[in-house]
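Take a look at the sequence and the model below. Keep both in view while you read.

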Amino acid sequence: GVAGAAYGITMQIYAVGIIMLVAMQNCAAALVPSSLAKDGTNAARQTADRLLSWSSLAGMGLAMTQLVLLPFLVPAFSTLPEVQHAVRTPALIASLIHIVNGPTLAGEGVMIGLGCYKDLALITFGWIAAMVACLSSPFGQRLDGIMWSILFSSLFQQFGVEMGSFSLVVV
């Protein structure tokens, strides 16, 4: 029905941005250790800082672009007014998640490249726990609640990555 269509459209809007940000994650995972091996710790930090900055800008740019285009994107996915109405708020939240995911995914990429797998596993465990807690509440029974739970979980993930990156300062 309407909820299923709205969920599918929302996830497509979210997926467009997350794919680009995962590409930034992969760049960080490859470039930071390469820079560390070739030019040392300071160069690796500069590379990581540059990638975090670019990924943050990419997240903000994706969010802003999607927010501006939502009035045009939603009707392109469905002509049904009920579905369009059901997609509005969840798609807005999906767009905002990119602001959080920009620096988070680049930071994860740095951690992947430096082999911080235990820390990443703990962050992922926390992300899952935050997601399950949100979805288990009455809040998680609606489509916008599902998207809010992704946002809250992503904020937890960002906090974990930030804490992990503080420990990487001494690379």
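## About the model

This is a predicted model, in which local features need pLDDT of at least 70 and side-chain atom pairs count only at pLDDT 80 or more, while totals for chains, interfaces and linings use all residues. Residues are numbered from 1 along each chain as its sequence is written, and side-chain values use heavy atoms, with hydrogens and water left out.

## Overall fold

The protein has five helices and zero strands. Its pattern along the sequence is α-α-α-α-α. Helices (H or I, at least four residues) and strands (E, at least two) are DSSP runs, numbered from the N terminus. The C-alpha trace spans about 55 × 30 × 15 Å along its principal axes.

Now for contacts, meaning heavy atoms within 4.5 Å. Take those between residues at least 6 apart in sequence: 79% of them join residues at least 24 apart.

The protein has 171 residues, and 43% of them are buried. Buried means under 20% relative accessible area, exposed means over 50%, and partly exposed is in between (1.4 Å probe, protein chains only).

## Helix H3: Gln84 and Gly113

Gln84 sits in helix H3 (residues 81-113). Is Gln84 buried or exposed? Gln84 is buried, because its relative accessible area is 18%. Its side chain reaches the backbone oxygen of Ser78 at 2.6 Å. That is a polar contact: a pair of N or O atoms within 3.5 Å, where within protein one must be able to donate a hydrogen and the other to accept it, and residues adjacent in sequence count only if both atoms are side-chain atoms. Setting aside neighbours within four places in sequence, Gln84 contacts Val74, Pro75, Ser78 and Thr79.

Gly113 also belongs to helix H3. Gly113 counts as partly exposed because its relative accessibility is 22%. Not counting residues up to four places away in sequence, Gly113 touches Ala29 and Pro33. Gln141 is 28 residues from Gly113 in sequence and 37 Å away in space, C-alpha to C-alpha.

## The aromatic residues

Rings of Phe, Tyr and Trp (its six-membered ring) pair if their centres lie within 6.5 Å; planes under 30 degrees apart count as stacked, over 60 as edge-to-face and the rest as tilted. The count is two aromatic pairs. One of them joins Trp148 and Phe152: it is stacked, at 6.0 Å centre to centre, with 25 degrees between the planes. Both residues lie in helix H5 (residues 143-167), four residues apart, about one turn of the helix.

Trp148 is partly exposed, because its relative accessible area is 28%. Phe152 is partly exposed too, at 37%. Phe139, Trp148 and Phe152 form one aromatic cluster.

Where is Pro138? Pro138 lies in the loop between helix H4 (117-136) and H5. Pro138 counts as exposed because its relative accessibility is 70%. Pro138 and Asp119 are 19 residues apart in sequence and 31 Å apart in space, C-alpha to C-alpha.
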